[in-house]
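Hello,

I am passing on a structure for you to look at. My notes on it come after the display.

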Amino acid sequence: MKGRNMTRWRDPAKDPRQEPKSNLITAEGAERLRGILDHLSRVKRPALSAKVGEAAALGDRSENADYTYNKKELNRVIARIRYLTKRLDELTVVDRLPADTGKVFFGAFVTLEDEEGEEMHIRLVGHDETDTTKRWISVDAPLAKALLGRALDDEVTVAAPGGETRYVITEIAYRDPQA
């Protein structure tokens, strides 16, 4: 069977997309998701519903591009609202500092130095908060897993596509979620 629904078969035991994701999120990340959900529910969905209604009132829907486009967009927004509602119920908000702030745990800002002396600043966040521009990595990422529980000046080895990379933890900081 040919067509757009055919995909490459992947062994579920080896498929990285099947790995369970942690359900942790920072307080500011949860607030951001709630803001997106609120905007979609209160602003975007009613506006798109009105546009679909106006386009439907014009008559023949089969040749009405405005109706077709807005209907697809409305369905996409409804699916996103449903996903965010379900996801927010599953998440565990981490709203306090760890007992030992001298070690790397969820929410930590970590400065790493590689073998060439280059520094890299990252933050360990939940799967829903990852942002490559800010260098916020998922707590489920291989680098984050290698860092968890490590202290200042510890050496960490991470398997990378170009071979193993070694880092030294030069700084660990946390932002107080209560502030």
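This is a predicted model: local features need pLDDT of at least 70, side-chain atom pairs count only at pLDDT 80 or more; totals for chains, interfaces and linings use all residues.

Residues are numbered from 1 along each chain as its sequence is written, and side-chain values use heavy atoms, with hydrogens and water left out.

The chain is assigned domain 1 (22-93) and domain 2 (96-173); these bounds come from an automatic or database domain assignment. Taken over C-alpha atoms, the domain centres are 34 Å apart.

Eleven residues of domain 1 touch eight residues of domain 2 (contact means heavy atoms within 4.5 Å). The two domains bury about 770 Å² between them, 47% of it on carbon and sulfur atoms; buried area is the accessible area (1.4 Å probe) lost when two parts are put together, summed over both. On the domain 1 side, Ser 22, Leu 24 and Thr 26 lose the most area to domain 2, together 53% of what that side buries.

Two salt bridges cross this interface (a side-chain nitrogen of Lys or Arg within 4 Å of a carboxyl oxygen of Asp or Glu). Arg 87 also forms a salt bridge with Asp 128, with the closest N and O atoms 2.9 Å apart.

The largest cavity holds about 130 Å³ of space (a cavity is a set of points on a 1 Å grid over the protein atoms alone where a 1.4 Å probe fits but cannot get out; lining residues have an atom within 4 Å of a point; volume is the space filled by probe spheres set on the points, which are joined across faces, edges and corners). Its lining has 13 residues, the closest to the centre being Val 94, Gly 107, Arg 123, Arg 175 and Pro 177. Both domains give residues to this lining, so the largest cavity lies between them.

Regards

Key. On a 1 Å grid over the protein atoms alone, a cavity is a set of points where a 1.4 Å probe fits but cannot get out, and a pocket is an open set with protein on both sides within 12 Å along at least five of seven lines; lining residues have an atom within 4 Å of a point.
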